[in-house]
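The sequence and the model are shown first.

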Amino acid sequence: MDDPVAFAKLVAKEMADGYATGRYAPPPEYLNTAHAAAFLGLTPAGMETMRKEGRGPAFIRASGKLVRYRSA
């Protein structure tokens, strides 16, 4: 499919149908680094680098080493 807007609509419809029928479970509210990276199409190392450089998605540091990203 060459049209990115049409593709995005197709994916959104598939996800909505999947949630409604129980085929897919919605993502948890908070994701660890590996899950957030997979969700965004990045690598965990790339996420860590962006976090250290002060860029990238917002995160919550629950303790010294425990980092979580909101799926919203």
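Helices, labelled H, are DSSP runs of at least four residues, numbered from the N terminus. The model discussed here is predicted.

## Salt bridges

A search of the whole structure finds 4 salt bridges. One of them joins Lys13 and Asp17, with the closest N and O atoms 2.8 Å apart. Both residues belong to helix H1, which spans residues 4-21, and they are separated by 4 residues, about one turn of the helix. Lys13 counts as exposed because its relative accessibility is 52%, and the cut-off for that class is over 50%. Asp17, at 32% relative accessibility, counts as partly exposed.

Another salt bridge connects the side chains of Arg23 and Glu14, with an N to O distance of 2.8 Å. Glu14 has a relative accessibility of 33% and therefore counts as partly exposed. The side chains of Glu53 and Arg55 also meet in a salt bridge, at 2.6 Å from N to O. With a relative accessible area of 46%, Arg55 is partly exposed.

## The sheet

Three strands form an open sheet in the order E1-E3-E2, with antiparallel pairing. E1 and E2 are the edge strands, each of them pairing on one side only. Strand E1 covers residues 30-31 and pairs with E3 over 2 bridges; within this pairing, Tyr30 stands opposite Arg70 of E3. Strand E2 covers residues 60-61 and likewise pairs with E3 over 2 bridges, and here Ile60 has Arg68 as its bridge partner. E2 and E3 make up a hairpin in which 5 residues lie between the two strands.

In a regular strand the side chains alternate between the two faces of the sheet.

## The nonpolar core

The largest nonpolar core consists of 7 residues, namely Leu31, Ala36, Ala37, Met47, Met50, Val67 and Tyr69. Helix H2 (33-40), helix H3 and strand E3 each contribute at least two residues to this core.

Residues up to four places away in sequence being set aside, Ala36 touches Leu31, Met47 and Tyr69.

## Arg51, a buried charge

Which side chain of opposite charge is nearest to Arg51, and how far away is it? Arg51 lies in helix H3, residues 44-53. The nearest side chain of opposite charge is Glu48, 4.7 Å away. A salt bridge requires a side-chain nitrogen within 4 Å of a carboxyl oxygen, so Arg51, although buried, has no salt bridge.

The side chain of Arg51 does make a polar contact, at 2.9 Å, with the side chain of Tyr69. Apart from neighbours within four places in sequence, Arg51 is in contact with Thr33, Phe59, Arg61, Val67 and Tyr69.

Technical notes. Residues are numbered from 1 along each chain as its sequence is written. This is a predicted model: local features need pLDDT of at least 70, side-chain atom pairs count only at pLDDT 80 or more; totals for chains, interfaces and linings use all residues. Side-chain values use heavy atoms; hydrogens and water are left out. Buried means under 20% relative accessible area, exposed over 50%, partly exposed in between (1.4 Å probe, protein chains only). Lys and Arg count as positive and Asp and Glu as negative; His and the chain ends are not counted. A polar contact is a pair of N or O atoms within 3.5 Å; within protein, one must be able to donate a hydrogen and the other to accept it, and residues adjacent in sequence count only if both atoms are side-chain atoms. Contact means heavy atoms within 4.5 Å. Two strands pair if DSSP finds at least two bridges between them. A nonpolar core is a set of buried Ala, Val, Leu, Ile, Met, Phe, Trp, Tyr and Cys residues joined through side-chain atoms within 4.5 Å.
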